[in-house]
Amino acid sequence: MSTLNGQTLSERQKGLAACACLMAQGDLERLEPAVRQALDNGVTINELKEAFSQLYAYTGFPRSLNALGVLSKVLENRQQNWLEGKPWTRPAEWDDARKAYELGVNNQTQLSGRPFDYAFCPQDDYYLKSHLFGDIFAGDQLSAADREIVTVAALSGLEGVSPQLAAHKQGAVNMGNAQELVDELCAWLDSEGYTLRSKWPKGEPNTGYAQYFIGNSYLAPMDGGVVNVTFEPRCRNNWHIHHKQVQVLICVAGRGWYQEWGKEPQVMTPGTVIAIPAEVKHWHGAAKDSWFQHLTYHKDVQEGASNEWLEAVTNEVYDKL
């Protein structure tokens, strides 16, 4: 996928974005393999340190420190192809508060597209200029454009920050990214399941059927007997059989799996439709690294129709997907 301005999201940028989004959510289980993949795809160790450090300003020190802890753990089994990156040097602005403030004013003006003064709260105005856009942006491991990719990705993974996300999506353009690249970034985060952006409701926790699922799922009943089912990453239901009825699955968001007993698993992405014949043993659920939503309903329902829940889909089977 290429953009109108000739830019396209590189594997390196995807690695930075994935790590930032998962770090913001505090999803350490998914962050660890994402860090490894990012390093495999050309993100340097020092770039990840810089990204996780910067994001404390948006997600808090606990998640920043946790992410750095994951990086440190991953590096215990460091691979030869992983790059250290340019040596870290102490920014000169750290030793001159006036220079840091002036740098922050310039960076904030460029990012906002105009001079920005938060007169309502002078404390935050100073912190933004002197520290975030001054001290933090003074580091030379990431370009200004990459910093905004990292920030947009992190904010995309958080709830309740829509105004800040909108501002930084425009700021990402102002700092050197093509608009098409920013749009591609947000679409990629959704399609890969790092975020769940869907017009379909998530619903309520699926407590009534939780005993037949590994992981958390959610149900949103809809008109006409249709139910939207949302699966968190790695969530899947047990093997089961629909007796005397056909189940229809329609993937509407994220990425997931469907498998019939004795057959190869099938990937489900938005638009995938599967009609499951009666009496066929099967399971369905989310991919390891993605949310997954599907609509489901039954047709050709005969008298005495029922569901038979069977054994769980073991990690041994699931992890081979």
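Predicted model: local features only at pLDDT ≥ 70, side-chain atom pairs only at ≥ 80, totals over all residues.
How does K244 count at 38% relative accessibility: buried, partly exposed or exposed? I looked that up first, and K244 counts as partly exposed because its relative accessibility is 38%. (Buried is under 20% relative accessible area, exposed is over 50%, and partly exposed is in between, with a 1.4 Å probe and protein chains only.)

Residues are numbered from 1 along each chain as its sequence is written, and side-chain values use heavy atoms, with hydrogens and water left out.

**Entry: positive phi**

I found K244 in the loop between β6 (240-243) and β7. (Strands are DSSP runs of E, at least two residues, and helices are runs of H or I, at least four residues, both numbered from the N terminus.) K244 has a positive phi, near 60°, though it is a residue other than glycine. R234 is not a glycine either, and its phi is positive at about 75°. I located R234 in the loop between β4 and β5 (236-237). R234 counts as partly exposed because its relative accessibility is 23%.

**Entry: the sheet**

I traced an open sheet of 6 strands, in the order β1-β3-β4-β12-β7-β10, with antiparallel pairing. (Two strands pair if DSSP finds at least two bridges between them.) β1 (204-205) and β10 (273-276) each have a single partner strand, so one side of each is left without a neighbour in the sheet.

Then I went through the partners of β12. Strand β4 (residues 227-231) is joined to strand β12 (residues 292-299) by 5 bridges, and the two run antiparallel. Here V229 sits opposite H294. Strand β7 (residues 246-254) pairs with β12 over 8 bridges, also in the antiparallel sense. In that pairing I noted V248 with Y297 as its bridge partner, and G254 opposite F292.

**Entry: F213**

Where is F213? I found F213 in strand β2 (residues 213-214). F213 counts as buried because its relative accessibility is 13%. Leaving aside neighbours within four places in sequence, I listed its contacts (heavy atoms within 4.5 Å): N206, F231, C235, R236, N237, N238 and W309. I also checked F213 against Q141: they are 72 residues apart in sequence and 43 Å apart in space, C-alpha to C-alpha.

**Entry: helix α2**

Helix α2 (residues 28-40) has 13 residues and reaches 18 Å from first C-alpha to last, close to the expected 18 Å. (The expected span is 1.5 Å times one less than the number of residues.) I marked R30, L31, E32, A34, V35, A38 and L39 as its buried residues. Their cover includes α1 (11-25), α3 (45-54) and α5 (61-74). Just after α2, G42 takes a positive phi of about 105°.

**Entry: α6 and α7**

Helix α6 (residues 97-112) and helix α7 (residues 122-136) have axes that come within 7 Å and cross at roughly 90°. (Axes are lines fitted to C-alpha atoms, for helices over the stretch in contact, and angles run from 0 to 180 degrees between N-to-C directions.) I therefore wrote down α6 as roughly perpendicular to α7. (Under 35 degrees is roughly parallel, over 145 roughly antiparallel, 65 to 115 roughly perpendicular, and the rest oblique.) The residues that meet include Y101 and L103 in α6, and Y126 and F133 in α7.
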